[in-house]
Amino acid sequence: MEQPEFILEFEKPLRNLKRRLDELQSTGQEHHFDVSKEVEAIERRIEETKREIYQNLTPWQRVQLARHPKRPFALDYIGHIFRDFQELHGDRTFGDDQALIGGTAWFGHQPVMIIAQQKGREVKENLKRNFGMPHPEGYRKALRLMQMAEKFNLPVICFIDTKAAYAGVGSEERHVSEAIARNLREMAHLKTPLLGLIIGEGGSGGALGIAVVDRLLVQQHAYYSVIPPEGCAAILWRSREYSETAANALRLGARELMEQGIADQVVDEPLGGAHRDVDYATQQIRQSIEKHLGELMALDTDTLLEQRYQKYRQMGEFTERTVQQAVAQA
Amino acid sequence: MAFFSKPRYTTVKPPERKRDIPRDLYTRCPKSGELIYTKQLEENLMVVPKSGYHFRLDAPRRIASLIDEGTWEEFDAGITAVDSLEFTDTKPYKDRLQGYIAKTGLNEGVVCGTGEMEGVKVSLAVMDFRFAGASMSAAVGEKITRAIERGLEQKTPVIIVSASGGARMQEGIYSLMQMAKTSAALSRLSDAGLPYVSVLTDPTTGGVTASFATLGDLILAEPEALICFAGPRVIKEGTNQELPEGFQRSEFLLERGLIDQIVTRHELRPRIISFLRVFMNQPAPVEA
C-alpha cells in the first residue's frame, strides 16, 4: 500500500485537509456533482497550510523531517549527480559494511572518491544497511578509500546520514572508537580536498568519523548533534518526553550550525523536505558541490591543510581567567 | 549463675568523640570487601594493597605520582568553560559549572603542564573525573590541544591520562568538535615524529575514547578500567545481546588487541619512562 502523503505528527492539519479533499472528490465522482470550486478551495487551503507549517518548523520538527522514511538517501542522489559510480567493497581486514559505502565516480570531468552512509528503505534493505549505523569496518573501509583518493589525487565527497555508529558487542569488540578516532586524525592531514554533506542525520561521532572536512554543507532540514535529542533528554532531563526541549537546546539545525561556524553552507530543500521534490534537492546539491569543490581544488595543498587545521582549531568557546577569580565567583 | 543471666546483647551508645572522626576514616574495597584505613589508601595512590583494586585518582595526585618533584609547571589553569548555548536542563549549565569549580578547586576537568620524568621532559595532560565527569567541553578540548601543541613546540613527548564520561552535552556540537580538534593536533604531533602515550583509566568512554584516547603510539591502561565507546547498559538495552564476561574492561581489551599493556598505578611512572627512553633514544644515565 502506498504511504499517505503526510505522516508526521505536525502534518496532521494537512492530513485532515487531504482526507476532506479525497472524500469530496470521490463523492463528486460518485454522484456526478461539480465539486471543482470546493476542490480548488481545499487545494488552496492545503498550499497555505503547507507554507504555514513548513516555513515555521521547530528544531524537533526538522529532526522528524531528517528522519522521514521517504527522505532521499545517499544513493538516491549519487546516481543523479555523478557518472559511473563504482562501489568498492571491504576494509581488507574483516568485512564489508553496507551502512557505510564508497567508490570512485566522475563529477563532470573530475574523477572523485565518494564515501556515503546509506540507510535502507524496506525491512530487508534496512537489515542489510543496519539502519544506516556503521560498524568499525565501515570506518576502516572509508579510511582505506580516502587514502587511495589521496594517492591518486581525487577529491573526496562524503555523504553523511547516520543516527550513530552502531552500539553493539561486535562494534565494541572490534573497537569502533579506535576506527573513528583514526579517521579523525588521518582526515585532518589527508592531502586532498574533503567535502562533506549532511543529507539527513548527523549523529555524533558516527557522523564525525567521515566528516572532518574542508567544507561542510548541511541540507536545510538535516541536523548534526553531539547526541540525539532523545538521548540527551533521557540523560539530562531523565525522560524522553523532553526530546523536543532537548532538540531546541542543542542548536542542531542547519541554520544554527551556520551560526556556530560548523556548517559552511545550508543547501536548500523544496518546501516540506527533500522527498517532496527530489529533482530540486538533487540540483541544489549538485550546484553546491560544484561551487565548493571548485574553490577547494584551486588551493595548493599546504594552504588547504592549514585552513583545515585552523577550521577545527577554532571551534568552541571558552574564557581564560585565574583559578582565584573562578573560585571567588563560585 | 547470675553472672550469665545478663542479657546477651546490650545497646552501646556510640562514644561522643566519634563525631570528630571523619566519616571516611575507613574505605571499603569494592573488590574484596575489606576495610582499609583511608589515609593508608591515599598514601598508596588509592590502590588497595591486598586486592590491587584501583580507586579513581584525582589529577593533582596523579601528576605528583608521575612527575619528578619540583619540575611541574602548570599551564592554562585559567581556561574555563562558557555557556555559549545558554543551556538549561534541570539546572542551568552556568550553575553546574560553578558547582564543579567550587567542589574541585579546578577550572575544568583536565590539568595540563610540563615536567620531567627522570629528567625526560614531557607535556602532560591529566583528566579529572570529579569535574563534570571530565566531559569534553570546548575548554577541555582547548587545554588538551594546547598540551599537544606544547609538545610539538618544545619537541617533547606528550602524555595524556584519560578518564571521561564523554561529551559535555550542554555545549552541543562544540563538544563533538573537540574530538576533531584534538585529533588534528595529534596528526601534527605524529607527523613530527614525537611520541604520544595514552593512559586509559577508569572510566574512559564516549567521545574521548573515539578521539585522542585511542590514538596513542602506546596505549596503556590501568587494571579493570571501563573503556568503551557506548556504555554496557546502552548496548544491553539497545540490542538485547548478552555481554561477554569482562566486556569493555582493560583485560578484555588487551585480549581484543586495543591496548599495548595493562600497567598498575605504581608501575606506571617507571614503565612510561622506560618507553620514553626508547622512543627519544635517551638511555638512562649509567649508575656509578
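Helices here are DSSP runs of H or I with at least four residues, numbered from the N terminus. With that in hand, here are the legends for several close-ups of this predicted model.

**View 1. Thr104(B) sits in helix α3 of chain B, which spans residues 93–104.** At a relative accessible area of 13%, Thr104(B) is buried, because buried means under 20%. Look for the side chain of Thr104(B) reaching the backbone nitrogen of Leu106(B) at 3.0 Å. Setting aside residues up to four places away in sequence, Thr104(B) also touches Arg130(B) and Phe131(B).

View 2. The domain assignment places domain 1 of chain A at 9–56 and domain 2 at 63–313. Their centres, taken over C-alpha atoms, are separated by 37 Å. Between them, domain 1 of chain A and domain 2 of chain A bury about 490 Å², with 72% of it on carbon and sulfur atoms. On the domain 1 side, Phe10(A), Glu11(A) and Tyr54(A) lose the most area to domain 2, together 75% of what that side buries. The count between the two domains is one salt bridge, along with two residue pairs in polar contact, both residues at pLDDT 80 or more.

**View 3. Glu11(A) forms a salt bridge with Arg276(A), with the closest N and O atoms 3.2 Å apart.** Glu11(A) is found in the segment before α1 (12–31) of chain A. Is Glu11(A) buried or exposed? Its relative accessibility is 0%, so Glu11(A) counts as buried. The side chain of Glu11(A) reaches the backbone nitrogen of Leu8(A) at 2.9 Å, and it makes a polar contact with the side chain of Tyr54(A) at 2.6 Å. Leaving aside neighbours within four places in sequence, the contacts of Glu11(A) are Phe6(A), Tyr54(A) and Arg276(A).

**View 4. Chain B meets chain A through 64 residues of chain B and 54 residues of chain A.** The area buried between the two chains is about 5200 Å², and carbon and sulfur atoms give 66% of it. Met169(B), Ile173(B) and Phe229(B) supply 13% of the area that chain B buries against chain A, more than any other three residues. Across this interface there are five salt bridges and 20 residue pairs in polar contact, both residues at pLDDT 80 or more. Several elements of chain B each supply at least two residues to the side that touches chain A, among them β4 (79–81), α4 (138–154) and α7 (232–239). Which element gives the most to that side? The answer is α5(B), with 17 residues. By class, the side of chain B that touches chain A has 32 nonpolar, 22 polar and 10 charged residues.

**View 5. Arg146(B) and Glu320(A) join their side chains in a salt bridge at 3.1 Å, N to O.**

**View 6. Glu222(B) and Arg62(B) meet in a salt bridge at 2.8 Å, N to O.** Glu222(B) lies in the loop between β9 (218–221) and β10 (227–228) of chain B, and Arg62(B) in helix α2 (residues 59–66), so that the pair links parts of the chain 160 residues apart. Both Glu222(B) and Arg62(B) are buried. For context, chain B has nine helices and 11 strands, and buried residues make up 55% of its 288 residues.

**View 7. Lys163(A) and Glu201(A) bring their side chains together in a salt bridge at 3.8 Å, N to O.** Lys163(A) lies in the loop between β4 (156–162) and α7 (169–173) of chain A, and Glu201(A) in strand β5 (residues 194–203), so the pair ties together parts that are 38 residues apart in sequence. Lys163(A) is partly exposed, with a relative accessible area of 35%, whereas Glu201(A) is buried at 2%.

**View 8. Glu259(A) forms a salt bridge with Arg251(A), the closest N and O atoms lying 2.7 Å apart.** Glu259(A) counts as exposed at 55% relative accessibility, while Arg251(A) is partly exposed with a relative accessible area of 25%. Over all chains, a search of the whole structure finds 49 salt bridges.

How values were computed. Residues numbered from 1 in each chain as written. Chains lettered and ligands numbered in written order. Predicted model: local features only at pLDDT ≥ 70, side-chain atom pairs only at ≥ 80, totals over all residues. Heavy atoms only, no water. Domains from an automatic or database assignment. Buried area = accessible area lost by both parts, 1.4 Å probe. Salt bridge = Lys/Arg side-chain N within 4 Å of Asp/Glu carboxyl O. Polar contact = N/O pair within 3.5 Å; in protein donor to acceptor, adjacent residues only side chain to side chain. Buried < 20%, exposed > 50% of the residue type's maximum accessible area, 1.4 Å probe, protein only. Contact = heavy atoms within 4.5 Å. Nonpolar A, V, L, I, M, F, W, Y, C, P; charged D, E, K, R; others polar.
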